[in-house]
Amino acid sequence: MNIALFGYGKMGQMIEQLALDRNHIIVSKINKDTTEIHFSNIDVAIDFSTPEAAYENISRCIENNIPVISGTTGWLKDYDKILALCKKKKGSFIYASNFSLGVNIFFELNTYLAGVMKNLSKYQVSIEEIHHTQKLDAPSGTAISLAEGIIAKTKYNGWKLEQSSENEITITSAREGAVPGTHKVAYESDVDSIEIKHTAHNREGFALGAIVAAEWLFGKTGVYTMKDVLGL
């Protein structure tokens, strides 16, 4: 496939290397200084840009009939607009707060565990996430997705960063060194603790998942998630 990269930071560079290893071609590397984009030679776009740029990047791809994968977080106030545009233009789109195949399995474990714990009122749930110091948003999109998975299955009606009420999930965020991403969901009671945890050892899992998603989306129409890509 001919792939355009929207955002050419560390993640974009990792995606480029893995895509080339899988015999794809990188035809564009687009950043804030790019003035012209040739959509005619793009088969699929992968967006790992910034919260400020993501909406425009995604909408331009859909307007030009380019399937687009986005892993940028922090722009979701405009998500419904993208869904409407995709429907209007019969476009192709996948957003994921985290494209790691392991993290998406972790999402499924989180949802299952929340269902098991929903009637056990003695346990209070919390989420902890740790990322590198260059990460712009907090909490991470992955942590928010974990919270939403728990809310859908339990009495909790929301989440808050650092401090919450009884019916809200507390999310704590830390920014340390070059940590690729660690997420922990913990259920605490007076007598014991139950935890599930995902630790990324490097960025390669995120990049590979985005490429796998792009390969899966190519030739399809509609809005999908990583659950569709992985058949979960």
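# Briefing: salt bridges, pockets and nonpolar core

Glutamate 16 counts as buried, at 14% relative accessibility; buried means under 20% relative accessible area, exposed over 50%, and partly exposed in between, with a 1.4 Å probe and protein chains only. The model is predicted, so local features require a pLDDT of at least 70 and side-chain atom pairs a pLDDT of 80 or more, while totals for chains, interfaces and linings use all residues. Residues are numbered from 1 along each chain as its sequence is written, and side-chain values use heavy atoms, leaving out hydrogens and water.

**Salt bridges**

- Nine salt bridges are counted, the rule being a side-chain nitrogen of Lys or Arg within 4 Å of a carboxyl oxygen of Asp or Glu.
- Glutamate 16 is joined to lysine 29 by a salt bridge whose closest N and O atoms are 2.8 Å apart. This pair links distant parts of the chain, with glutamate 16 in helix 1 and lysine 29 in strand 2 (residues 25-30), 13 residues apart; helices (H or I, at least four residues) and strands (E, at least two) are DSSP runs numbered from the N terminus.
- Whereas glutamate 16 is buried, lysine 29 is partly exposed at 41% relative accessibility.
- Arginine 175 and glutamate 129 also meet through their side chains in a salt bridge, with an N to O distance of 2.8 Å. Because arginine 175 belongs to strand 8 (residues 168-175) and glutamate 129 to strand 6 (residues 124-131), the pair ties together parts that are 46 residues apart in sequence.
- Glutamate 129 is buried with a relative accessible area of 0%, and arginine 175 is partly exposed at 25%.
- Lysine 81 and aspartate 78 form a further salt bridge, at 3.4 Å from N to O. Aspartate 78 is buried, having a relative accessible area of 12%.
- A network of salt bridges links Lys77, Asp78 and Lys81.

**Largest pocket**

- The volume of the largest pocket is about 1,000 Å³. On a 1 Å grid over the protein atoms alone, where a 1.4 Å probe fits, a pocket is an open set of points with protein on both sides within 12 Å along at least five of seven lines, and lining residues have an atom within 4 Å of a point. Volume is the space filled by probe spheres set on the points, which are joined across faces, edges and corners.
- Its lining comprises 37 residues, and those nearest the centre are Met11, Phe48, Ser49, Thr50 and Thr72. Helix 1 (10-21), helix 2 (51-63) and helix 5 (141-151) are the elements that give two or more residues to this lining.
- Helix 2 gives the most to the lining of the largest pocket, namely five residues.
- By class, this lining holds twelve nonpolar, 18 polar and seven charged residues; Ala, Val, Leu, Ile, Met, Phe, Trp, Tyr, Cys and Pro count as nonpolar, Asp, Glu, Lys and Arg as charged, and the others, Gly among them, as polar.

**Second largest pocket**

- The second largest pocket contains about 670 Å³ of space. It is lined by 26 residues, with Tyr95, Ser97, Phe107, Ser145 and Glu148 closest to its centre. Helix 4 (101-117), helix 5 and helix 7 (226-230) are the elements that supply two or more residues to its lining.
- Helix 5 gives the most to this second lining, with six residues.
- The lining of the second largest pocket divides into eleven nonpolar, eleven polar and four charged residues.

**Nonpolar core**

- The largest nonpolar core has 25 residues, and Ile3, Ile15, Ile46, Ile69 and Phe99 have the most contacts inside it. At least two of its residues come from each of strand 1 (2-6), helix 1, strand 3 (44-47), helix 6 (204-217) and helix 7. Helix 6 gives the most to this core, with seven residues.
- Such a core is a set of buried Ala, Val, Leu, Ile, Met, Phe, Trp, Tyr and Cys residues joined through side-chain atoms within 4.5 Å.
- Phenylalanine 99 touches residues that include Phe48, Ile69, Ile94, Phe206, Ala210 and Met226, leaving aside those up to four places away in sequence; contact means heavy atoms within 4.5 Å.

**Loops and backbone**

- Most residues other than glycine have a negative phi.
- Asparagine 65 has a positive phi, near 60°, and is located in the loop between helix 2 and strand 4 (68-70). Asparagine 65 is exposed, with a relative accessible area of 57%.
- Lysine 90 likewise has a positive phi, near 55°, and lies in the loop between helix 3 (79-89) and strand 5 (92-95). Lysine 90 is exposed at 65% relative accessibility.
- Lysine 32 is placed in the loop between strand 2 and strand 3 and is exposed at 82% relative accessibility.
- A distance of 22 Å separates the C-alpha atoms of lysine 32 and histidine 132, which are 100 residues apart along the chain.
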